[in-house]
Amino acid sequence: MSDEARMARVALARVIEPGDEVGGRWLREFGPVEVARRLVEGGRPLPGVTGKRWAGLRGRAGRVRPEQDLAQARAAGVRYVCPGEPEWPAQLDDLGDARPTGLWVRGSPSLRMWALRSVAVVGARACTEYGAHMAACLGAGLAERGWVVVSGGAYGVDGAAHRGALGAGGATVAVLACGVDRPYPRGHATLITRIAEQGLVVGELPPGDHPTQSRFLLRNRVIAALTRGTVVVEAAYRSGALVTARAAQRLGRFTMGVPGPATSGLSAGVHELLRGDAVLVSDAADVVELVGDIGELAPDRRGPVLPRDLLDPGAGRVLAALPARGRAGAEEIARGAATTPDDAVGRLYELRALGFVERHGDGWKLTRQAMIPVHEDRRGC
């Protein structure tokens with residue numbers, strides 16, 4: 001990209017709002033230099049906007065100072081990445097005319113390389129302890145498997161996912177709805193600074209620019225397009241996280257949801273996604289099985305193994321014929337197991353040798369070992 005075109009895109013970052021498809025069409029049809037020239041110098045109006053809207057854009061264009069923005073960015077350790085440049089993630093082109101004019105990037109790794117193996121983890125800001133726990137576990141698990149965790153840097157699920165990845169010594173990217181030199185929310189200033197040191201902080205808006213409600217929602221399309229798939233952890237029906245998930249679905253990305261209690265309003269939006277095309281996931285292994293390469297399979301799920309599960313069928317039937325409490329004679333046990341008394345007695349002595357039953361006079365009863373699981377499926381982060 002020529003220096004003139006790059007400077008034009010830097011200027012237009014202050015004029016064209018994120019996700020403005022009319023502006024995106026102008027860039028595609030006329031090129032950034034011509035669009036910037038007409039807006040700044042007052043040439044013939046570009047098509048697709050009213051006179052009032054054109055005047056508003058021209059008013060913005062009159063105050064652009066691209067050299068000053070680039071100098072301010074360099075001072076904060078921020079670079080500007082344009083479409084078509086080596087670091088530009090090609091998957092953002094799937095957004096069509098809603099593609100960002102460019103991205104401001106804070107941090108040393110290559111955004112393009114990291115985006116190739118990335119997953120978005122998003123959800124409610126006012127999440128529950130369960131939501132924060134699941135997001136942190138997903139962030140840590142994905143990072144341990146070599147995946148980049150992408151989120152929005154917000155309170156709640158976003159912050160928990162970032163912290164999980166950072167805590168595992170992994171890679172994470174925060175996509176902000178403001179200038180990357182002014183962390184938002186302010187309560188996450190330390191977290192976002194740490195992300196910039198260990199990962200990347202990315203945004204469409206130039207240095208010093210502030211967030212708005214619409215910019216938060218439009219930011220979500222970048223999160224969806226940048227990653228291979230989006231996982232939603234807790235989201236009410238009107239949650240912005242659902243905007244990210246639906247954008248991912250439109251772009252043909254994988255959409256996943258972590259289920260919660262049926263009585264929780266914070267899980268209602270996730271459950272609605274799961275009733276559609278989203279896939280239920282419960283940990284990082286499930287996510288990687290879906291978005292990863294061939295052979296990256298999640299382990300088989302099974303409940304706890306009981307000692308009686310290891311017995312052959314004949315011995316198992318005899319063991320099942322013993323009462324849960326008290327004793328029973330060999331003939332009664334044989335009837336319950338549908339076998340002969342002699343076979344039942346032989347099986348009972350076998351079971352006694354294994355520690356499952358004990359003899360009391362003419363009767364037999366279960367031991368405590370017959371009730372204790374061999375192991376329990378204790379799944380943590």
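Visitor: Into how many nonpolar, polar and charged residues does the lining of the largest cavity divide?
Guide: The model is a predicted one, and its largest cavity is lined by 18 residues. I16, E17, P18, T101 and E204 lie nearest the centre of this cavity. By class, the lining divides into seven nonpolar, five polar and six charged residues.

Visitor: Which helix gives the largest share of the lining of the largest cavity?
Guide: The cavity in question has a volume of about 120 Å³. The largest share of its lining amounts to three residues, and these come from helix α2 (residues 21-30).

Visitor: Which element gives the most to the lining of the second largest cavity?
Guide: The second largest cavity holds about 60 Å³ of space, and L176, A177, G203, E204 and R219 are the lining residues nearest its centre. Two or more lining residues come from each of β5 (172-176), β6 (200-203) and α10 (213-226). With three residues, the element that gives the most is α10.

Visitor: How many residues in the lining of the second largest cavity are nonpolar?
Guide: This lining consists of 13 residues. One of them is polar and three are charged. The nonpolar residues number nine.

Visitor: Which element gives the most to the lining of the largest pocket?
Guide: The largest pocket has a volume of about 290 Å³. Its lining receives at least two residues from each of β3, α10 and α11 (240-250). With six residues, the element that gives the most is α10.

Visitor: How many charged residues has the lining of the largest pocket?
Guide: Altogether 21 residues line this pocket, and G123, R125, S239, G240 and A241 lie nearest its centre. The lining has ten nonpolar and seven polar residues. The number of charged residues is four.

Visitor: Which residues does V232 touch, leaving aside those up to four places away in sequence?
Guide: V232 belongs to the largest nonpolar core, which has 35 residues. Together with L92 and V173, V232 is among the residues that touch the most other members of that core. With the residues up to four places away in sequence left out, V232 touches V122, A241, A245, M256, G257, V258, V270 and L273.

Visitor: How many residues are in the second, separate core?
Guide: In soluble globular proteins, nonpolar side chains tend to be buried together. The second core is separate and includes M134, L138, A165 and V287. Its residues number 22.

Visitor: Why is helix α13 described as largely enclosed by the rest of the structure?
Guide: A residue counts as buried when its relative accessible area is under 20%. In α13, this holds for A284, A285, D286, V287, V288 and V291. What covers these buried residues includes β3 (118-123), α7 (129-144), β7 (229-233) and β8 (254-258). Helix α13 (residues 284-291) is largely enclosed because the buried residues number six of its eight.

Visitor: Which strands are the edge strands of the open sheet of three strands?
Guide: The order of this sheet is β10-β12-β11, with antiparallel pairing.

Visitor: Which residue of β12 stands opposite H360?
Guide: β11 and strand β12 (residues 363-366) run antiparallel and are joined by four bridges. Opposite H360, the residue in β12 is G363.

Methods
Residues are numbered from 1 along each chain as its sequence is written. This is a predicted model: local features need pLDDT of at least 70, side-chain atom pairs count only at pLDDT 80 or more; totals for chains, interfaces and linings use all residues. Side-chain values use heavy atoms; hydrogens and water are left out. On a 1 Å grid over the protein atoms alone, a cavity is a set of points where a 1.4 Å probe fits but cannot get out, and a pocket is an open set with protein on both sides within 12 Å along at least five of seven lines; lining residues have an atom within 4 Å of a point. Grid points are joined across faces, edges and corners, and a volume is the space filled by probe spheres set on the points. Ala, Val, Leu, Ile, Met, Phe, Trp, Tyr, Cys and Pro count as nonpolar, Asp, Glu, Lys and Arg as charged, and the others, Gly among them, as polar. A nonpolar core is a set of buried Ala, Val, Leu, Ile, Met, Phe, Trp, Tyr and Cys residues joined through side-chain atoms within 4.5 Å. Buried means under 20% relative accessible area, exposed over 50%, partly exposed in between (1.4 Å probe, protein chains only). Contact means heavy atoms within 4.5 Å. Two strands pair if DSSP finds at least two bridges between them.
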